[in-house]
Amino acid sequence: MVKMISNNSDKQQQQILPCIQEIDGIDQLIVVSYVFPPEMAHRTNCFLIGDKGDKKLIVDPSPFSDEEYKRLVNTLKNSFEYTYTDIFITHHHVDHVNEVQKLAREFAIPIIISEDSYGRLLKKNGPDFFANINIKFAREGDVLTHWNGQDVKVFEIPGHDEGQLALAPESMTWFLVGDLIQGEGLEPGSRASTVVIATKEGDMKKYFRTLERIIRLNPKYLLPSHGMVLKSVAPLEKTLIHRIEREQQVLKLYKQGKTPEQMTKTLYKRVNKALWPLALENIKTHLKKLEQEGLLINKQ
Ligand SMILES: [Zn+2]
């Protein structure tokens, strides 16, 4: 059930971000962020996780503008009585890390991130990107805080981004999946949707493996970075089936001698052309996976 937390006056509300609790004890701030393409999503969930008196993580705070940054800080400081201990970053994409250094300095707290994401951010933004910030590298199995008294552990979930990390409690009541899948938007009629597996930092083979792994772990709820909480692993199963079907189509077109660009036109003809460059990335990572598996033979 969705529980609205902010019920201040109108003026105050303008300075406060929308906040809901779909899972007991996990606050979900909905932050306007730098998402491309904007028609697919333009908000990133900033989750606050950790039992009272324990470590309190701010997950993926990524405000798009100065005003949104101020609203975020105001909400963090005034809507809750938490003592924030760390910022946790799922992966290095801009809609998850914008202004993260500013926030880390503001609260004087460390950033927890994978070594891979850290390296990519320095490569993109220069060696001073995290100057004077305490960085802690997180790896599979690290316990970062507690939820309902249970260990909240780190899971490495490569595929969408090589260094992407997830979080989940021992009971598997929930699994914070980052951009492994998109949740349903807040707008009526929007559906859970697939994400881009780009050639640079993505890997379709690993994406398949990660999906299979989380489906096996069978968490009750999925907490995606974009959109609402998903109430089972069914959307992951659907995504996996969709990707398997897509891969078969790519293989068929490959055998007909089609280029990745021609495949995009054929397979995504009903999709908005603005999304074709992203679709092309998915096709290329499918081709790479097929090549790794030794299936790109018999080209006519
Ligand atoms: Zn994202």
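Colleague: Which residue's side chain does a polar contact join to that of His226?

Modeller: First, some ground rules. This is a predicted model, so local features need pLDDT of at least 70 and side-chain atom pairs count only at pLDDT 80 or more, while totals for chains, interfaces and linings use all residues. Residues are numbered from 1 along each chain as its sequence is written, and side-chain values use heavy atoms, with hydrogens and water left out. A polar contact is a pair of N or O atoms within 3.5 Å; within protein, one must be able to donate a hydrogen and the other to accept it, and residues adjacent in sequence count only if both atoms are side-chain atoms. Here, the side chains of His226 and Asp95 are joined by one of 2.9 Å. Another, of 3.1 Å, joins His226 to the side chain of Asp179.

Colleague: Which protein donors does the zinc ion have?

Modeller: Donors are N, O and S atoms within 2.8 Å of the metal (3.2 Å for Na, K and Ca); water is not among the atoms, so sites may look incomplete. In this model they are Asp95 (OD), His96 (NE2), Asp179 (OD) and His226 (NE2), at 2.0 to 2.2 Å from the zinc ion. Along the chain their spacing reads D-H-x82-D-x46-H. His96, in helix H3 (residues 94-97), and Asp179, in the loop between strand E12 (174-178) and helix H6 (204-217), are 83 residues apart, so the pair links distant parts of the chain. Helices (H or I, at least four residues) and strands (E, at least two) are DSSP runs, numbered from the N terminus.

Colleague: Why is the arrangement of the four donor atoms irregular?

Modeller: Four donors count as tetrahedral if all angles lie between 85 and 135 degrees; four count as square planar and six as octahedral if opposite donors are over 155 degrees apart and all others between 65 and 115; anything else is irregular. Around this zinc ion the angles run from 84 to 152°, which makes the arrangement irregular.

Colleague: Is His226 buried or exposed?

Modeller: Buried means under 20% relative accessible area, exposed over 50%, partly exposed in between (1.4 Å probe, protein chains only). His226 has 3%, so this residue is buried. His96 and Asp179 are both buried too. Asn132 counts as exposed, at 79%.

Colleague: What is the phi of Asn132 near?

Modeller: Near 60°, a positive value in a residue other than glycine. Asn132 sits in the loop between helix H5 (115-125) and strand E8 (135-137).
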